[in-house]
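Please look through the structure shown below before reading on. The paragraphs that follow consider helix packing and then the ligand.

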Amino acid sequence: MLRAVTHRIALIPGDGAGPEVMAEARKAVDALGLDLEWTELPWGSVHYREHGAMMPPDGLDVVRRHDAILLGAVGDPSVPDHVTLWGLLLALRQGLDLWANLRPARLLDGVPSPLAGSPAVDMLFVRENTEGEYAGVGGRAHAGMELEVALETSVFTRAGVRRVVRYAFELAESRRGVLTSATKSNASRYGYVLWDEVVEEVAAEFPGVRHEHVLVDALAARMVTNPLSIDVVVASNLFGDVLTDIAAALQGGMGMAASASVAPSSGATPMFEPVHGSAPDIAGRGIANPVGAIWSAVLMLEQLGEGAAAHRLMRAIEAVCREGIRTADIGRRCDRDEGRGMTAFTAVLTCDPRHRKTLYRQGFPLAGL
Ligand code: NAI
Ligand code: MG
């Protein structure tokens with residue numbers, strides 16, 4: 001018989017740096033002392049090499065028995081990227097119909113900005129997560145011949161656009177009250193034109209939110225030239241993906257960025273993951289930045305109704321960053337031994353007594369929970 005626990009978490013460490021950052025996120029969550037149970041699911045490229053699939057055939061049913069999924073990253077140089085992505089990540093996002101991908105981008109105090117003058121960055125991206133350019137519709141003909149053709153069709157449905165746009169308006173209402181819709185409805189004449197129409201329809205329900213339509217290329221530039229002019233952005237699957245890598249850079253780097261894939265009010269198991277990939281160039285060296293993963297756990301705790309714990313963990317991340325304890329990707333080693341960079345971050349975060357002496361000796365004030 002299963003023990004009654006408040007929260008059951010499916011942990012999918014995945015590939016490359018995924019397991020490393022997930023181990024840190026798990027330590028950080030465990031330090032909060034919640035009634036929570038982890039099920040580790042060894043899905044990913046190793047599973048693919050052994051079984052010919054990234055996850056078992058009943059994978060969706062397995063995760064549905066949990067309250068949340070925390071996922072590291074997928075992608076391995078030995079397996080084509082479209083196989084890993086469609087076999088696990090997109091299979092989960094689409095299979096569970098997790099239609100909104102939330103990606104907050106905030107430059108934390110103490111984290112160096114790539115922009116002169118370190119302008120404030122506090123944006124929230126709401127990315128459509130199940131259709132658009134990643135709908136998986138298309139095909140290839142004349143395989144291998146000179147005539148070969150590849151078609152990739154974007155799919156925009158009125159209902160699919162409406163639900164994500166409405167959610168973005170709701171979120172904008174609870175923030176600075178500005179919603180930017182990113183499209184390309186000058187060159188793309190169908191999908192994005194429908195998108196713009198739906199934004200106008202939904203806007204009528206939210207008189208307190210100022211909304212604007214901005215072409216995605218212009219928005220990419222504005223994110224860099226005037227980041228604080230941007231509050232909430234609603235964007236398609238592809239545009240949201242691209243813009244949030246820029247946003248990650250604005251908040252210090254890929255390792256800082258967190259995300260949540262959710263389907264509000266549906267009862268679907270939500271999924272939380274750092275924005276970055278498996279980072280094969282640095283995997284296995286203990287130098288990956290765990291902040292994006294730990295921040296994703298904060299988003300998870302918020303969705304699980306653990307607002308106070310989420311708040312504590314976010315304050316701890318902010319405090320440790322403010323103290324200058326960081327991994328090499330954001331400008332400083334947090335430990336003389338490169339291999340302990342990420343674990344030192346979490347040790348300070350969680351006030352792990354085993355590290356306390358070393359950290360004091362190195363002059364790192366404890367700033368954890
Ligand atoms: P990536 O995000 O893995 O790496 C891009 C750059 O950011 C690299 O220089 C990497 O070292 C750095 N980086 C990433 N995470 C970091 C962290 N935590 N700390 C410090 N630096 C970090 O993207 P890339 O190289 O385009 O893709 C690598 C693999 O990951 C591919 O197989 C790709 O398909 C997959 N991928 C998977 C994603 C996911 O599972 N959500 C998302 C993006 C890519
Ligand atoms: Mg991406």
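How are α9 and α10 oriented to each other, roughly parallel or roughly antiparallel? The axes of helix α9 (residues 291-303) and helix α10 (residues 307-322) cross at roughly 160° and come within 7 Å. The two helices, α9 and α10, are therefore roughly antiparallel, because angles over 145 degrees count as such, those under 35 as roughly parallel, 65 to 115 as roughly perpendicular and the rest as oblique. Axes here are lines fitted to C-alpha atoms, for helices over the stretch in contact, with angles running from 0 to 180 degrees between N-to-C directions. Helices are DSSP runs (H or I, at least four residues), numbered from the N terminus.

This is a predicted model, in which local features need pLDDT of at least 70 and side-chain atom pairs count only at pLDDT 80 or more, while totals for chains, interfaces and linings use all residues. Residues are numbered from 1 along each chain as its sequence is written, chains are lettered from A and ligands numbered from 1 in the order written, and side-chain values use heavy atoms, without hydrogens and water.

Helix α9 also meets helix α1 (residues 18-30): their axes come within 8 Å and cross at roughly 45°. That angle makes α1 oblique to α9. Elsewhere, helix α5 (residues 158-173) packs with helix α6 (residues 191-203) at about 45°, the axes being 9 Å apart. As a result, α5 is oblique to α6.

The ligand comes next. Around ligand 1 there are 19 residues, of which D81, G277, A279, D281 and N289 come nearest; a residue counts as near if one of its heavy atoms lies within 4 Å. This shell divides into 9 nonpolar, 6 polar and 4 charged residues, where Ala, Val, Leu, Ile, Met, Phe, Trp, Tyr, Cys and Pro count as nonpolar, Asp, Glu, Lys and Arg as charged, and the others as polar.

An N or O atom in the side chain of D81 lies 2.6 Å from an oxygen atom of ligand 1. A polar backbone atom of G277 is 2.7 Å from an oxygen atom of the ligand.

Technical notes
Polar contact = N/O pair within 3.5 Å; in protein donor to acceptor, adjacent residues only side chain to side chain.
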